[in-house]
Amino acid sequence: MEEANGGSMDMIMKALDWLVTLAYLNLLWLGFSLLGLIVLGVGPATFAVHSIVKKKLKQGDLSHIFTKFKHEFKKHFKDGNIYFGLVTAATLFIYVDIRVIQALPQNSFIQIVVLPALIILSALVLIVATFTLGIYFEFDHPLLKSIKDGFWLALISPVAGLVMVHTFLVGFLIYAYIPALMLFYSLSFYAFITQWVMSKTFKRIKKKKYL
């Protein structure tokens with residue numbers, strides 16, 4: 001009984017540690033994004049969050065988070081901004097398409113073909129963008145190769161891709177009902193879930209030597 005209680009306490013302490021760490025990381029993400037005037041800050045800060053979450057998943061305890069975050073922000077400043085620019089361009093392309101479709105007279109072709117295609121494209125952009133970050137930090141590949149491999153991995157790992165999409169949608173619904181949580185977990189929680197999922201996917205990939 002004592003061992004069971006001790007195990008339960010360990011799990012609770014680990015959960016609390018992660019909740020505090022993720023909240024802190026999200027605040028750092030917001031702060032460094034503002035420091036880079038959003039346009040030049042979001043990308044590198046996003047890279048820093050994913051990098052530190054990955055390290056904590058591997059190491060467990062992680063100290064000097066602020067120092068590590070600042071280091072990762074500077075280290076990945078260039079690639080982070082290229083990544084952010086590409087993701088923003090893809091997102092704007094989809095957004096403009098949706099606005100154009102909304103302005104057109106509705107017909108069965110738009111409802112049956114065009115809208116589903118845009119939904120699938122949106123999901124694919126999210127999955128590839130997420131896999132790109134995972135590959136970049138797991139295999140230390142250049143950014144453009146990580147994007148290419150991220151697209152390929154999205155096609156052969158549909159389960160991981162579905163988890164990413166569902167995590168994004170569930171997070172969106174939660175933050176819609178409790179907006180205050182966005183301040184503490186809007187990106188960091190997504191990074192935690194997806195990095196954990198990708199770590200399992202990469203183990204399988206390494207065994208089969210796909211990448």
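Reader: In this predicted model, which residues of the largest nonpolar core touch the most other members?

Author: The largest nonpolar core has 22 residues, and Val-49, Val-53 and Phe-69 touch the most other members. Helices α1 (2-35), α2, α3 (65-75) and α9 (188-208) each supply at least two residues of this core. The greatest contribution is that of α1, with 7 residues.

Reader: Which residues does the second core include?

Author: The second core is separate and has 16 residues, including Val-128, Ile-135, Tyr-190 and Ile-205.

Reader: Why is α2 called largely enclosed?

Author: Of the 18 residues of α2, 14 are buried, so the helix is largely enclosed by the rest of the structure. The cut-off for a buried residue is a relative accessible area under 20%.

Reader: How do you know what span is expected for α2 (residues 42-59)?

Author: The expected span is 1.5 Å times one less than the number of residues. For the 18 residues of α2 the expected value is 26 Å, and the helix reaches 26 Å from its first C-alpha to its last, which is close to expectation. Just after α2, Gly-60 takes a positive phi of about 85°.

Reader: Why is Thr-167 called buried?

Author: Thr-167 has a relative accessible area of 14%, and the cut-off is under 20%; Thr-167 is therefore buried. Thr-167 is placed in helix α7. Leaving aside neighbours within four places in sequence, Thr-167 is in contact with Tyr-190 and Ile-193.

Reader: What makes up the lining of the largest pocket, divided into nonpolar, polar and charged residues?

Author: The lining divides into 26 nonpolar residues, 9 polar residues and no charged residues. In this classification Asp, Glu, Lys and Arg count as charged. The pocket holds about 1200 Å³ of space and is lined by 35 residues. Val-87, Thr-91, Leu-126, Phe-168 and Tyr-190 lie nearest its centre.

Reader: Which elements give two or more residues to the lining of the largest pocket?

Author: These elements are α2, α4 (77-103), α5 (108-139), α7 (158-177) and α9. The largest share, 10 residues, comes from α5.

Notes. Residues numbered from 1 in each chain as written. Predicted model: local features only at pLDDT ≥ 70, side-chain atom pairs only at ≥ 80, totals over all residues. Heavy atoms only, no water. Helix = DSSP H or I, 4+ residues; strand = E, 2+ residues; numbered from the N terminus. Buried < 20%, exposed > 50% of the residue type's maximum accessible area, 1.4 Å probe, protein only. Core = buried A, V, L, I, M, F, W, Y, C linked by side-chain atoms within 4.5 Å. 1 Å grid on protein atoms, 1.4 Å probe; cavity = no way out; pocket = protein on both sides within 12 Å on 5 of 7 lines; lining within 4 Å. Points joined across faces, edges and corners; volume = space filled by probe spheres on them. Contact = heavy atoms within 4.5 Å.
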